[in-house]
Amino acid sequence: MHTRRRGSSGSDRPAADEPPEWSDVDAEAIEERVVELAEAGHSPSEIGLKLRDEGVDGTPVPDVSLATDKKITEILAEHDAEPDLPEDLRSLMERAVRLREHMDENPTDHQNKRALQNTQAKIRRLVDYYRGDELEESFTYSYDAAKEIL
């Protein structure tokens, strides 16, 4: 919402219906590795990157959902290893805490003051979206609550 004026970079993944033949890792082994990485404290996106780069037993897994017919978050939910906060909300809260600490040290930094306001607005919208499903009904965002959670 606040950063739409610049173009997008990166490339799109090629469309695929099944995993490549060179990646013949068993779905159960992938699920075990996903749970193991989650218990080590990695977020779902970090787990996907680790599986892509390191793989399972040395064999890379280019796409977990093609190999297991489940998303990483679904695998974590099945094994009761899902994070307490959704990943996008957690990263925004971390950013807001960093910006707030920066603003305490540099009160005249107006650019970062606006960035903090925009980040907090995004957090409030996400909290409204997740409230009831993945967050408690009584959850409200505040700096102190974010500092305590993180």
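Let me begin with Thr119, which lies in helix α6; helices here are DSSP runs of H or I with at least four residues, strands are runs of E with at least two, and both are numbered from the N terminus. This is a predicted model, in which local features need pLDDT of at least 70 and side-chain atom pairs count only at pLDDT 80 or more, while totals for chains, interfaces and linings use all residues. Residues are numbered from 1 along each chain as its sequence is written, and side-chain values use heavy atoms, with hydrogens and water left out.

Is Thr119 buried or exposed? Thr119 is buried, because its relative accessible area is 4%; buried means under 20% relative accessible area, exposed over 50%, and partly exposed in between, with a 1.4 Å probe and protein chains only. Leaving aside neighbours within four places in sequence, Thr119 is in contact (heavy atoms within 4.5 Å) with Leu92, Arg95, Ala96 and Leu99. With the side chain of Arg95, the Thr119 side chain makes a polar contact at 3.2 Å. A polar contact is a pair of N or O atoms within 3.5 Å; within protein, one must be able to donate a hydrogen and the other to accept it, and residues adjacent in sequence count only if both atoms are side-chain atoms.

I turn now to the nonpolar cores. A nonpolar core is a set of buried Ala, Val, Leu, Ile, Met, Phe, Trp, Tyr and Cys residues joined through side-chain atoms within 4.5 Å. The largest has 19 residues, and those with the most contacts inside it are Leu89, Met93, Ile123, Val127, Leu135 and Tyr141. Two or more residues of this core come from each of α5 (87-105), α6 (110-130) and α7 (143-149). Helix α5 gives the most, with seven residues. Not counting residues up to four places away in sequence, Ile123 touches Leu89, Leu92, Met93, Ala96 and Tyr141. Apart from this core lies another, of 15 residues, among them Val34, Val35, Ala38 and Ile75.

Next, helix α1. Its 13 residues, 27-39, should span 18 Å at 1.5 Å a residue, and its end C-alpha atoms are 19 Å apart, which agrees; the expected span is 1.5 Å times one less than the number of residues. Which residues of α1 are buried? They are Ile30, Glu31, Arg33, Val34, Val35, Leu37 and Ala38. Their cover includes α2 (44-53), α3 (64-68) and α4 (72-78). Just after α1, Gly41 takes a positive phi of about 100°.

Two residues in loops also deserve mention. Most residues other than glycine have a negative phi. Asp57, although not a glycine, has a positive phi of about 55°; Asp57 is found in the loop between α2 and α3 and counts as exposed at 77% relative accessibility. Asp69 is likewise not a glycine and has a positive phi of about 60°. Asp69 lies in the loop between α3 and α4 and, at 68% relative accessibility, counts as exposed.

Finally, the protein as a whole. There are seven helices and zero strands. Buried residues make up 30% of the 150 residues. A compact globule of 150 residues would have a radius of gyration near 15 Å, but this protein has 19 Å; the radius is taken over C-alpha atoms, and the globule rule is 2.2 Å times the number of residues to the power 0.38. Along the principal axes, the C-alpha atoms fill a box of roughly 55 × 35 × 25 Å.
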